[in-house]
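Student: I am new to this structure. Could you show me how to read it, feature by feature?

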Amino acid sequence: MHEPAVKKILYWCEHCNVPLIGRTCSCGNEAKTIALLQPYDIRPALSGDRDRIIQLLRSQYGEVPVPKVILLNKTGGYDRAELVISNGDRFGWLSFDPVTKTYSLEVAPEALPFLVQHISKGVIDLGNHIDLKAEKGRIGGKRFPLKEPVPDGQVIVTATGKYGTATVKDGYIRIKELLPVLPKVYPDPDWETVIAKNAYHLKNLERNAVRTIKRHMKDRPLVNVSFSGGKDSTAALHLAKKAGVEKAFFIDTGLEFPETIQFIREQGVEVISKGDNNFWQVIEERGPPGKDNRWCCSLLKLDPLKAYLDDIGPCVTIQGNRWYESWNRAGLEVTSQNPINPLQLNVSPIRSWRAFEVFLYLWWRKVPMNPMYEQGVERVGCYLCPAMLESEYDSIRRTHPGITARWDAFLEKWAKKRQMPDAYISWGLWRWQALPPKMRELCRNMGVFVNDDFTLAKKEKNKESVRKTRKV
């Protein structure tokens, strides 16, 4: 598939210390560029994300200040793995280990000019452990034994007036790089300032999106908005209203967060019942849906949608789909005929927006949002969706035990019936029928056996694999 013209960089005004949608800041300065990682989608760190970053950073390095404006660039990993961007550069890496159920924050060297003047712990003076005079040349990239016990994990190191980052493991320290670091003080703007500096670009985004909707809203006899309760459809709904679209609908799967249902009703959107489909009966035969087997979408979304369209007839539907959400949507055109429901012509006015633009736009226009985002949930949908990260589900187990208990009980029953190992549930491996390369790598590293067809092996085979591993 031909790759669309996605933005692979982030603009940043160094003078105002704010991220930008376009190349120029309202202050008149040209922006620097920051290379992003695939899939190039960036979003603001909201209160749940920011609180986690603060907790991890301060537990490692003391009561350091944390910038108000932080962006997260999702990238590949076993589960949640994001590049943290702040102060116009890479700040660190936030990741979740699905095995230990713990988060970690690895500070990037680019963050040291900001941090070194504030850190009060987690710093190792290499002179106390290494004979620096005996070491000739660079020590970056080398591994040394420690003379005193130091907890495993990332540390900041210093020697001869230089600083760097390193990793401690089993009594050894591996130094990544040691460089001169000049402490630097940065402006600390808030998100209101970011919005103000991007107002010109936001007006252009809005103007173009409304124009797109008006151009196509009369292509069919009726026009409506497909609303999911997420940020993207919230932006699409607001833009559609500006274009004169009055009707919106939401298909209730029966598996939504209570906050989502309340939010949707507050918007005055028509709620379409999931009809006669009974998800809880179907899974007893088919098992849990997976990322590679999304049968639940047909049952809970597409079939009710078809019934709804049969009632109302041909229509134009404004939707919030974006290029950056998935590879399947990366080639999305402005208009697309629904292949399953030919009565529907879909229009995607924000297809080129990143999550960054979506959040800024909603804040700029003071449009209410689903409160689940502030709780650290990136993708708002069905609470048991296989597309959800294990880190997110681990969090909602604590915040929403009333709705997750039934799903966990089913998974336990299904795993027992299929003789699946503990990792099937505890690591979230139920999300795939055939495990992708990254999860096969995790299983291999942890001694969990995977069949030749990439399905997870039964418990007895895993026990045999563990016994062989121990003998070796």
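The dialogue below takes up a sheet, some ring pairs and some salt bridges.

Student: What kind of model is this, and how are residues numbered?
Tutor: This is a predicted model, in which local features need pLDDT of at least 70, side-chain atom pairs count only at pLDDT 80 or more, and totals for chains, interfaces and linings use all residues. Residues are numbered from 1 along each chain as its sequence is written, and side-chain values use heavy atoms, with hydrogens and water left out.

Student: In what order do the 6 strands of the open sheet lie?
Tutor: Strands of a sheet pair through backbone hydrogen bonds, either parallel or antiparallel. Two strands count as paired if DSSP finds at least two bridges between them. Strands (E, at least two residues) and helices (H or I, at least four) are DSSP runs, numbered from the N terminus. Here the order is E16-E15-E14-E17-E19-E18, with mixed pairing. Strand E16 (270-272) and strand E18 (335-337) are the edges, each pairing on one side only. From one strand to the next the twist averages 30°; angles run from 0 to 180 degrees between N-to-C directions, and axes are lines fitted to C-alpha atoms, for helices over the stretch in contact.

Student: In what sense do strand E17 and strand E19 pair?
Tutor: Strand E17 (residues 315-318) and strand E19 (residues 344-347) are parallel, over 4 bridges. Ile318 stands opposite Val347 in E19.

Student: Which helix packs on the sheet?
Tutor: Contact means heavy atoms within 4.5 Å. Helix H8 (residues 295-312) touches strand E14 (222-226), strand E15 (248-251), E16, E17 and E19, and its direction makes about 145° with that of E15.

Student: How many aromatic pairs are there?
Tutor: Rings of Phe, Tyr and Trp (its six-membered ring) pair if their centres lie within 6.5 Å; planes under 30 degrees apart are stacked, over 60 edge-to-face, and the rest tilted. The count comes to 18 aromatic pairs. One of them is the tilted pair of Phe227 and Phe263, 6.1 Å centre to centre with 35° between the planes. Phe227 is in the loop between E14 and helix H5 (231-243), and Phe263 is in helix H6 (residues 258-266), 36 residues apart.

Student: Is Phe227 buried or exposed?
Tutor: Buried means under 20% relative accessible area, exposed over 50%, and partly exposed in between (1.4 Å probe, protein chains only). Phe227 has a relative accessible area of 2%, so the residue is buried. Phe263, with 3%, is buried too. Phe249 and Tyr308 form another tilted pair, 4.7 Å centre to centre and 40° between the planes. Phe249 lies in strand E15 and Tyr308 in helix H8, so this pair ties together parts 59 residues apart in sequence.

Student: How many salt bridges does a search of the whole structure find?
Tutor: Side chains of opposite charge can pair when their charged atoms come close. A salt bridge is a side-chain nitrogen of Lys or Arg within 4 Å of a carboxyl oxygen of Asp or Glu. The search finds 25. Among them, Glu378 and Lys74 meet at 3.1 Å, N to O. Glu378 lies in the loop between helix H9 (355-364) and helix H10 (390-399) and Lys74 in strand E5 (residues 71-74), so the pair ties together parts 304 residues apart in sequence. Glu378 counts as buried at 17% relative accessibility, whereas Lys74 is partly exposed at 26%.

Student: Which residues are linked with Lys74 and Glu378 in a network of salt bridges?
Tutor: The network also includes Arg43, Asp49, Arg80 and Glu82.
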